[in-house]
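Reader: Before we go through this model, could you show me how to read helix packing and burial?

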Amino acid sequence: MRGTPYPTLGELLRRAHATVAARPGALRLRVVGTSRAGRPLWLLSAGHGPRHILTVAGAHANEPVGGVTALSLAERFAREPALLQESGCAWHFLLCLDPDGASLAGRWLTGRSGEGRPGEGRPGEGRAAEASPTLRGYYRRFYRPAFAAQPEFPPVASDPRPAMPESEALVRLIDELRPVVQFSLHGVEVGGSFLQLTRAVPGAAAAYRRIAADLGIPLEHRPFDGMGWLAESPGVLVLPDSSPTVERDPSGFTSQATWLYAMRHGTVSAVVEAPFWSVAGVSDPRPVAEPRREVAEASEILLGRAKQLEAVVGELGPRSPQTPEEIAHFTAARELMDIGPGVVDTWNSAELATTVGNSVSLGVAARRIPLRAAAMMRQALGGAPALDTLVEVWARELASTFDARWVPVADQTELQTRTMLALARALV
């Protein structure tokens, strides 16, 4: 078995075409746009109802689980058409919103580095035995675009930068379908699962908690990814009525998220996050005695490691990325190396680390940001040994500090599938 159980983007698309060919009439494929590099954006559809449901996968290049979930659910609809017919909806799956990014991030999928290591995997566990990737292997080939190059977040109208063609294709699709519900499938490298809703859905929080509990996947007790959102219950965030319809990331880039754009059609958007490596501690609801100290310690780790990475890069001497791939890695890495002070200011301005679970989440984030930066800088500068060592040490430390455990892909996709079906039943 190869080093990772996720298919590459090419494998995913070949499987989609083969499935459609094997079940003519049950599923259909069409191209709804092209990427910056000219790659097609494929939409896989099932059912013919008058109302529509849209699932968007692959919005973030380093998160391959959404494509697997989307294709698996579409195949299930082909086998069990009654499951979809009872809703009176057609269900559409955008298999990968960022194929250009996925082509770079997917290099870790072909790395064949699947040896299990203590604290980094559980070989043979789950619904089917699979190779347990390591965090070291994951980060050695890590890629996630800079904020302004993530197509789920087109710039606001006042920004002089044009929207990416992938963003424009998704907006056109939303306007065409006017979906009842739009799902955006994401993955968390290390941590727990959480759900973001643009409107409260009766029964959704309870159903989501049951699904996660059935699968043994911890919920983030209070995710700080949506710090301005209301925590309806552990692991479930709801957009406040007064919330602005724009997003501002730590780099200062302001965008209108495509899952907020859809609100103009009365669409409920749901962002479903599944962890690749789970950390049980993120679900701990016990209060923390000194939240400010927890934030200060996380801030010190983040800023200290950014400074350490800066020193290592400086010691390498003047080097410049040469190829488009190296430039993409360098741009994203440089951005992450510079956002530390802004992230810390945000942490200090919010009520964070009030529970043990949230403190653990902060600790993970404080290590993840510089690790991502080091991983991409390593590839941008030709795999310098000093950067290679930094990635190795930091990846092992992240896994061991939080006892990160590989979540079988079957469980990751089951979490997202059952959540989508539960929300669809509640809304349709």
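**Helix packing and a buried strand residue**

Author: The axes of helix 10 (residues 324–338) and helix 12 (residues 356–380) come within 8 Å and cross at roughly 150 degrees. Axes are lines fitted to C-alpha atoms, for helices over the stretch in contact, with angles running from 0 to 180 degrees between N-to-C directions. Angles over 145 degrees count as roughly antiparallel, so helix 10 is roughly antiparallel to helix 12. This is a predicted model, in which local features need pLDDT of at least 70, side-chain atom pairs count only at pLDDT 80 or more, and totals for chains, interfaces and linings use all residues. Residues are numbered from 1 along each chain as its sequence is written, and side-chain values use heavy atoms, with hydrogens and water left out.

Reader: Which residues of helix 10 and helix 12 make the contact?

Author: Contact means heavy atoms within 4.5 Å. Helix 10 contributes Glu326, His329, Phe330, Ala332, Ala333, Arg334, Leu336 and Met337, while helix 12 contributes Ile369, Arg372, Ala373, Met376, Met377, Gln379 and Ala380.

Reader: Is Leu54 buried or exposed?

Author: Buried means under 20% relative accessible area, and exposed over 50%, with partly exposed in between (1.4 Å probe, protein chains only). Leu54, which lies in strand 3 (residues 51–56), has a relative accessible area of 0% and is therefore buried.

Reader: Where is Gln182 found?

Author: Gln182 belongs to strand 5 (residues 181–191), and with a relative accessible area of 3% Gln182 is buried. Leaving aside residues up to four places away in sequence, Gln182 touches residues including Leu54, Trp259 and Val268.

Conventions
Helices (H or I, at least four residues) and strands (E, at least two) are DSSP runs, numbered from the N terminus. Angles under 35 degrees count as roughly parallel, over 145 as roughly antiparallel, 65 to 115 as roughly perpendicular and the rest as oblique.
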